[in-house]
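This briefing covers one protein chain and is grouped by topic. Please keep the sequence and the model open while reading.

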Amino acid sequence: MKYLIVIVLIITYAIALRFINRNINRLGELKGTDQYRIKYIAKTLNIALTLLFFTLLALLLGIHYTQLSVFLSSVFAVIGVAMFAQWSILSNITASLIIFFGFPYRVGDYIKIVEKDEDISGVVDEITLFHVIIRRQGEIITYPNTLILQKPVIKFDGNRPPVNTIAAETPAADKPLANP
């Protein structure tokens, strides 16, 4: 009976992997996302599903919950200590998933990130697992995914900002004074 349950679990795992991959690809094509990015998102979700599968498989094969919880807590403690210094990596990966499913901008859109001290505007060149790459007049700007979720972003229609936007951004101190 236990082997039958394991076989059903393996079949369910295979179906779930196919379902996730098909729907991620469909959503990515619908949003016009780069194939490279779709592959990263699918891989991340497949890893999470695989970890869940192995946990369920271990429980079904007779490993007691207490043994499994001691093992997993030890593994997570080691991983947590190792990743403590790399906290931003985990948050960027999480932000990457959020951007994939809910980001209103796509590759090729002209955007401006509202920053107090710096003009960060240009065409979205690529959205990677850790940052958004923005191209502006021969410059490449890499902006972390976590920060782009925290800042207001302006999306311009077409591939260029309106002309009056550039004039409005010039501080009053930089404009010449009119002769009285």
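How many aromatic pairs does a search of the whole structure find? The search finds 3 aromatic pairs; rings of Phe, Tyr and Trp (its six-membered ring) pair if their centres lie within 6.5 Å. The model is predicted: local features need pLDDT of at least 70, side-chain atom pairs count only at pLDDT 80 or more, and totals for chains, interfaces and linings use all residues. Residues are numbered from 1 along each chain as its sequence is written, and side-chain values use heavy atoms, with hydrogens and water left out.

**Aromatic pairs**

- Tyrosine 13 and phenylalanine 53 form a stacked pair, at 4.4 Å centre to centre and 25° between the planes; planes under 30 degrees apart count as stacked, over 60 as edge-to-face and the rest as tilted.
- Tyrosine 13 lies in helix H1 (residues 2–31) and phenylalanine 53 in helix H2 (residues 35–60), so the pair ties together parts that are 40 residues apart in sequence.
- Tyrosine 13 is buried at a relative accessible area of 19%, and phenylalanine 53 is buried at 9%; buried means under 20% relative accessible area, exposed over 50%, and partly exposed in between (1.4 Å probe, protein chains only).
- Tyr13, Phe53 and Phe54 form one aromatic cluster.

**Overall make-up**

- The chain has 6 helices and 5 strands; helices (H or I, at least four residues) and strands (E, at least two) are DSSP runs, numbered from the N terminus.
- From the N terminus on, the order of elements is α-α-α-α-β-β-β-β-α-β-α.
- Of the 180 residues in the chain, 27% are buried.

**Sheet**

- An open sheet is formed by 5 strands in the order E4-E3-E2-E1-E5, with antiparallel pairing; two strands pair if DSSP finds at least two bridges between them.
- Strands E4 (139–144) and E5 (153–156) stand at the edges, each with a single partner strand, so one side of each is left without a neighbour in the sheet.
- From one strand to the next, the twist averages 40°; axes are lines fitted to C-alpha atoms, for helices over the stretch in contact, and angles run from 0 to 180 degrees between N-to-C directions.
- Strand E2 (residues 120–127) is joined to E3 by 4 bridges in the antiparallel sense, and a hairpin connects E2 to E3 through 3 residues.
- Strand E3 (residues 131–136) pairs with E4 over 6 bridges, also antiparallel.
- Arginine 135 in E3 stands opposite valine 123, and in E4 the bridge partner of arginine 135 is isoleucine 140.
- The bridge partner of valine 132 in E4 is tyrosine 143.

**Hairpin of E3 and E4**

- There are 2 residues between the strands of this hairpin, where glutamine 137 takes a positive phi near 45°.
- Glutamine 137 is a residue other than glycine, and it counts as exposed at 81% relative accessibility.

**Nonpolar surface patch**

- Met1, Leu4, Ile5, Val8 and Leu60 make a nonpolar surface patch of about 490 Å²; patches are made of residues with over 30% relative accessible area and no salt bridge, with like charges joined within 9 Å and nonpolar side chains (Val, Leu, Ile, Met, Phe, Trp, Tyr) within 5 Å.
- A salt bridge is a side-chain nitrogen of Lys or Arg within 4 Å of a carboxyl oxygen of Asp or Glu.
- H1 gives the largest share of the patch, 3 residues.
- Methionine 1 lies in the segment before H1 and is exposed, with a relative accessible area of 75%.

Conventions:
Accessible areas come from the Shrake-Rupley method with a 1.4 Å probe; for residues, only the protein chains shown count as cover.
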